[in-house]
Amino acid sequence: MAGALERLVARTGRPHMFISVGKGGVGKTTFSILLSLALQERGRTLLASLDPARHLLGYLGLRRVGKPERIQEAGFTAVQYDIDTIAKKVAEDYARLLRQVMPGLTVVSLDGIVSAVKNAPGFEEEVYLSLLRGLAKSLGEEYDYIVIDTPPTGVTHRMLNLPRLYLLWLTHLYELRYKIVAMRYTIAKVLKQEFEPHDPVLDKLAELRGEYEGLAKLLRNPERAGLVLIATPEPLPVYEVKTSLRVARELGIRVEAIVVNRVLDAEMASKLGVAKTQQEALEEVKALECGGCEKLVIMHSSEPPKSLEGVKRLLGLVKDISEIT
Ligand SMILES: Nc1ncnc2c1ncn2[C@@H]1O[C@H](COP(=O)(O)OP(=O)(O)OP(=O)(O)O)[C@@H](O)[C@H]1O
Ligand SMILES: [Mg+2]
């Protein structure tokens with residue numbers, strides 16, 4: 001296996017979750033497969049794709065969406081999630097929860113609630129987050145390694161920020177609800193009425209808070225999780241890598257590696273008139289401060305990988321960034 005990729009997996013503890021982040025079309029799915037191929041030699045590996053374009057189905061010939069499938073020739077398990085199906089389920093769960101905690105809400109039908117939840121701002125990120133929560137639960141249980149192939153950068157950044165945001169809200173909501181319950185108790189006592197001390201809303205808030213605390217802690221634990229930032233050697237994708245580095249720093253999430261994919265050899269780059277742009281992009285990535293992360297390059301292949309075999313061929317094209325700059 002290529003040195004730089006080998007180094008990346010060798011320094012990773014177990015269990016561990018990798019999240020691939022990058023602009024559309026830069027090679028997130030391709031690299032996620034490459035990384036999974038490298039990881040499966042060391043432990044039970046799951047490649048989970050949240051990519052709405054569902055490209056993993058084609059690359060690995062998966063037969064269905066939403067169900068993990070063992071890929072014999074690859075040595076790992078893969079699953080392509082279908083975001084629409086999950087979105088429907090998440091919306092229904094919320095509708096049920098609303099009904100449960102606010103039984104008085106009878107003027108709005110279940111369908112009405114589902115539709116309102118589905119159209120709420122930030123719902124897409126919430127759907128991805130619910131998948132991430134599920135995956136986090138199987139880390140260390142069913143799988144030693146989980147590689148997550150994500151939707152394009154912006155949605156992923158917002159998804160990663162959500163646990164922190166939710167914790168803030170949940171803490172305030174919990175305090176508020178606590179005051180309400182305490183007030184009800186006082187009123188009941190004054191009126192000498194019976195009081196039911198068990199409050200389902202408080203219970204639910206505490207449960208949710210515990211769950212998001214766990215997820216935020218996992219994401220911030222460099223031994224357990226980290227990001228792989230992927231770009232092609234062009235200004236915009238490299239700019240997105242810099243944005244991701246900033247977001248990762250703000251959220252306290254480790255960056256494991258930066259990958260520059262589809263790097264042309266010198267001759268081809270000058271023939272196409274992109275030698276200068278490519279060189280500048282590579283130099284820029286090389287100079288980035290990423291907390292000691294690995295920096296890898298994957299050369300451009302004249303045969304774009306479309307299958308597992310195609311991606312396996314790329315293994316020979318992985319290099320350390322210092323080999324070519
Ligand atoms: N090193 C490479 N050499 C040549 N072609 C490549 C290389 N890496 C990826 N490709 C091709 O580039 C295209 C995009 O790759 P990929 O699907 O992995 O990107 P992505 O970031 O997952 O895209 P999306 O944002 O659409 O999910 C694919 O057609 C793939 O075959
Ligand atoms: Mg993809």
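Phe195 sits in the loop between α7 (153-190) and α8 (200-220), where helices (H or I, at least four residues) and strands (E, at least two) are DSSP runs numbered from the N terminus. The structure is a predicted model, in which local features need pLDDT of at least 70, side-chain atom pairs count only at pLDDT 80 or more, and totals for chains, interfaces and linings use all residues. Residues are numbered from 1 along each chain as its sequence is written, while chains are lettered from A and ligands numbered from 1 in the order in which they are written.

Is Phe195 buried or exposed? Because Phe195 has 12 C-beta neighbours inside 10 Å, it counts as exposed; a residue is buried if 20 or more other C-beta atoms lie within 10 Å of its own, exposed if 12 or fewer, and partly exposed in between, with C-beta atoms placed from the backbone. Leaving aside residues up to four places away in sequence, Phe195 touches Tyr185 and Ala188, where two residues are in contact if their C-beta atoms, placed from the backbone, lie within 7 Å. Val181 is 14 residues from Phe195 along the chain, and the C-alpha atoms of the two are separated by 10.0 Å.

Helix α7 also packs against another helix. The axes of α7 and helix α9 (residues 235-251) come within 11 Å and cross at roughly 5°, the axes being lines fitted to C-alpha atoms, for helices over the stretch in contact, with angles that run from 0 to 180 degrees between N-to-C directions. That angle makes α7 roughly parallel to α9, since angles under 35 degrees count as roughly parallel, over 145 as roughly antiparallel, 65 to 115 as roughly perpendicular and the rest as oblique. On the α7 side the contact is made by Thr153, His157, Leu160, Asn161 and Arg164, and on the α9 side by Glu240, Ser244, Val247 and Leu251. By class, these are three nonpolar, four polar and two charged residues, with Ala, Val, Leu, Ile, Met, Phe, Trp, Tyr, Cys and Pro counted as nonpolar, Asp, Glu, Lys and Arg as charged, and the others, Gly among them, as polar.

Overall, the protein has 12 helices and nine strands. The nine strands form an open sheet in the order β3-β4-β2-β5-β1-β6-β7-β8-β9, with mixed pairing, where two strands pair if DSSP finds at least two bridges between them. At the edges are β3 (69-71) and β9 (318-320), each of which pairs on one side only. Within the sheet, strand β1 (residues 16-22) runs parallel to strand β5 (residues 145-149) and is joined to β5 by five bridges, with Phe18 having Val147 as its bridge partner in β5.

Helix α2 (residues 28-39) lies across β1, β2 (45-49), β4 (76-80), β5, β6 (225-231) and β7 (255-263), and runs at about 170° to β5. Not counting residues up to four places away in sequence, Ile148 touches Met17, Phe18, Ile19, Ser20, Ala48, Leu50 and Leu135.

Some backbone details remain. The peptide bond from Arg14 to Pro15 is cis, with omega near 0°, and Pro15 has its place in the loop between α1 (3-10) and β1. Arg54, in the loop between β2 and α3 (55-60), has a positive phi near 55° and is partly exposed, with 16 other C-beta atoms within 10 Å. Arg262, in strand β7, has a positive phi near 65° and counts as buried because it has 21 C-beta neighbours inside 10 Å.
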